[in-house]
Amino acid sequence: MNEVMLQLEHVDTFYGPIQVLHDINLEVRRGEIVCLLGANAAGKTTTMKTIFGLVRPRRGRITFDGQRIDNRPASDIVRLGLALVPEARRIFPRMTVLENLQMGAYTRTNKAEIEQDLDHVCQIFPRIKERLKQIAGTLSGGEQQMLAMARALMSRPRMMCMDEPSMGLSPLLVETVFETIVRIRSEGVTIFLVEQNASMALSLADRGYVLQTGKIVLSDTAANLLQNDLVRQAYLGGS
Amino acid sequence: MTLFLQLIVEGLVIGSIYSLVALGYTMVYGIIELINFAHGDIFMMGTLVSLFMVTNVFHLTDVSKMSLGGMLVMLIVTCLASIVICALLGVLIERIAYRPLRNAPRLAPLISAIGVSLALEDIAKAIIGPNPVAAPYLVPLVHYSIGSVDITNTDIIVLVVALVLMVGLQWLVTSTRIGRAMRAVAQDREAAALMGVNVDRVIAITFLIGAGIAGAGGFVFLLSTNNTVFNIGFELGLFAFTAAVLGGIGNLVGAMLGGLVIGLIRALVTYIPDRDLPFGLPHGGVAWQDAVVFAILILILVFRPTGLLGQQLAEKV
């Protein structure tokens with residue numbers, strides 16, 4: 001098995017007096033697609049925010065590539081090669097598409113490599129290429145999702161975390177997004193995916209965790225989770 | 001007609017100083033949504049630094065006895081000193097008065113800003129006293145005539161310095177990496193951090209630049225008016241703030257435009273004739289200048305809070 005890239009150990013996160021995450025333990029290994037499933041308010045986004053230092057865990061350890069990151073600011077964490085496609089995309093609405101992509105490459109200095117990656121993401125997302133000069137806030141929801149992914153790729157991450165990339169998209173676009181995720185993994189980027197769309201997420205993931213009211217209640221291979229009664233009832237609408 | 005054109009020139013000159021100060025208000029508001037009430041006083045400190053430089057460092061008494069080279073050195077060094085000291089002052093204020101309140105309710109940094117403003121004015125009063133202080137001429141005054149309009153060399157210097165700084169700032173913000181980072185922080189601080197932007201540093205740089213421009217404003221103000229007073233920043237700051245709101249707070253081009261418009265309005269209001277008006281209203285346009293400017297502020301806030309160039313872009317979720 002490949003080495004562990006991202007590891008959360010006994011992570012507790014609070015919002016004020018309210019504990020949102022309870023003793024979270026999870027790991028993502030190099031080259032994997034791992035998904036974190038859960039209903040609304042289960043703590044999925046909080047998990048992401050905790051990993052990226054946007055919320056501080058009160059207890060526990062988070063390591064990336066063996067380095068402790070739970071006490072570092074977000075701007076340092078992303079420099080280690082971790083990128084986030086945030087919930088609700090969070091593109092810069094009053095910048096052009098190109099400027100958004102340049103922001104994605106903010107930590108990098110080699111202009112030639114940035115140009116190269118710009119061509120590369122334009123190739124992955126042809127719609128983005130057509131709209132480089134457009135103001136990002138005027139893009140459709142699907143295009144904004146593509147842009148958020150493209151922007152994250154511009155940092156040339158070794159691992160990409162995605163928070164609900166399918167949210168608010170039509171089924172056809174959801175499929176495009178998931179195909180793109182598989183493609184990004186095939187280029188050597190490890191993927192950690194937070195999703196409500198469990199069937200889609202499990203169909204492409206290697207492993208998954210299920211989060212319920214801030215606790216991890218299940219963790220298994222994606223294939224096993226697809227067969228699991230709890231998952232089928234709660235997230236796949238099956239019986 | 002001659003008077004009208006003359007007033008236009010005067011309006012543009014004072015207006016470009018308002019623009020320089022308005023930029024700082026609008027930049028800071030754009031990035032942390034704070035009305036930095038101390039900003040006008042940073043401008044005032046710029047006039048004091050300039051005054052100190054010419055009188056205590058260059059021992060200026062009569063500029064007409066200086067060599068051209070000596071005068072240029074004095075002007076450039078004084079201007080740079082004013083920019084640098086004000087820029088550092090801006091960063092210092094941000095560090096001690098605003099950053100600790102970054103996550104506090106919005107009223108807290110506002111009150112802190114007013115406190116800093118009062119502190120700066122009192123420091124200035126302790127240094128130069130409560131009365132206006134005259135400065136020597138920084139350049140030998142030369143009048144030029146364009147048609148029937150009179151324009152002085154100091155007017156031209158003010159306009160050129162303002163133009164250079166505004167073009168430079170616009171370039172910085174639209175076309176450089178740090179400018180992009182500033183806009184990113186303004187639009188979505190958390191997302192900017194996720195791009196690897198050190199948000200605290202970018203905010204500090206924004207204060208640095210805004211305050212530095214105000215410092216240049218202080219220098220050209222002293223150059224063109226030859227006096228300053230401890231509360232000049234309060235008054236001029238209010239006009240500049242009005243200019244920033246008029247142009248659309250957060251919008252750089254708006255602040256530049258707003259400053260010029262406010263300057264022009266203040267100049268043109270002096271057209272109001274100096275003769276008896278009904279209801280015992282004050283006569284003479286000068287008496288109306290402030291009233292008109294602040295009436296504009298109220299009207300904008302009521303009818304078009306986004307200002308001339310500010311616009312709300314529908315943001316898709």
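**Helix packing and pockets**

Biologist: At what angle do α1(B) and α6(B) pack?
Modeller: The axes of α1(B) and α6(B) are 6 Å apart. Axes are lines fitted to C-alpha atoms, for helices over the stretch in contact, and angles run from 0 to 180 degrees between N-to-C directions; helices are DSSP runs (H or I, at least four residues), numbered from the N terminus. For α1(B) and α6(B), the packing angle is about 55°.

Biologist: Good to know! What kind of model is this?
Modeller: Residues are numbered from 1 along each chain as its sequence is written, while chains are lettered from A and ligands numbered from 1 in the order in which they are written. Side-chain values use heavy atoms, without hydrogens or water; local features need pLDDT of at least 70, side-chain atom pairs count only at pLDDT 80 or more, and totals for chains, interfaces and linings use all residues, as this is a predicted model.

Biologist: Which word describes how α1(B) and α6(B) lie to each other?
Modeller: Under 35 degrees is roughly parallel, over 145 roughly antiparallel, 65 to 115 roughly perpendicular, and the rest oblique. The angle of α1(B) to α6(B) is about 55°. The two helices are therefore oblique.

Biologist: Which residues of α6(B) does α1(B) meet?
Modeller: Contact means heavy atoms within 4.5 Å. By class, this contact has five nonpolar, one polar and no charged residues (nonpolar: Ala, Val, Leu, Ile, Met, Phe, Trp, Tyr, Cys, Pro; charged: Asp, Glu, Lys, Arg; polar: the others, Gly among them). From α1(B), Met27(B), Gly30(B) and Ile31(B) meet Met182(B), Val185(B) and Ala186(B).

Biologist: How far apart are the axes of α9(B) and α11(B)?
Modeller: Helix α9 covers residues 232-247 of chain B, and α11 covers residues 289-303. Among the residues that meet are Leu238(B) and Phe239(B) in α9(B) and Val293(B) and Phe294(B) in α11(B). The contact has 10 nonpolar, one polar and one charged residues. These helices pack at about 35°, and their axes are apart by 10 Å.

Biologist: Which element gives the most to the lining of the largest pocket?
Modeller: A pocket is an open set of points on a 1 Å grid over the protein atoms alone, where a 1.4 Å probe fits, with protein on both sides within 12 Å along at least five of seven lines; lining residues have an atom within 4 Å of a point. Of 42 lining residues, those nearest the centre are Arg94(A), Gly30(B), Ala186(B), Gly250(B) and Asn251(B). Elements giving two or more residues are α1, α5, α6 and α10 of chain B. With six residues, the most comes from α1(B).
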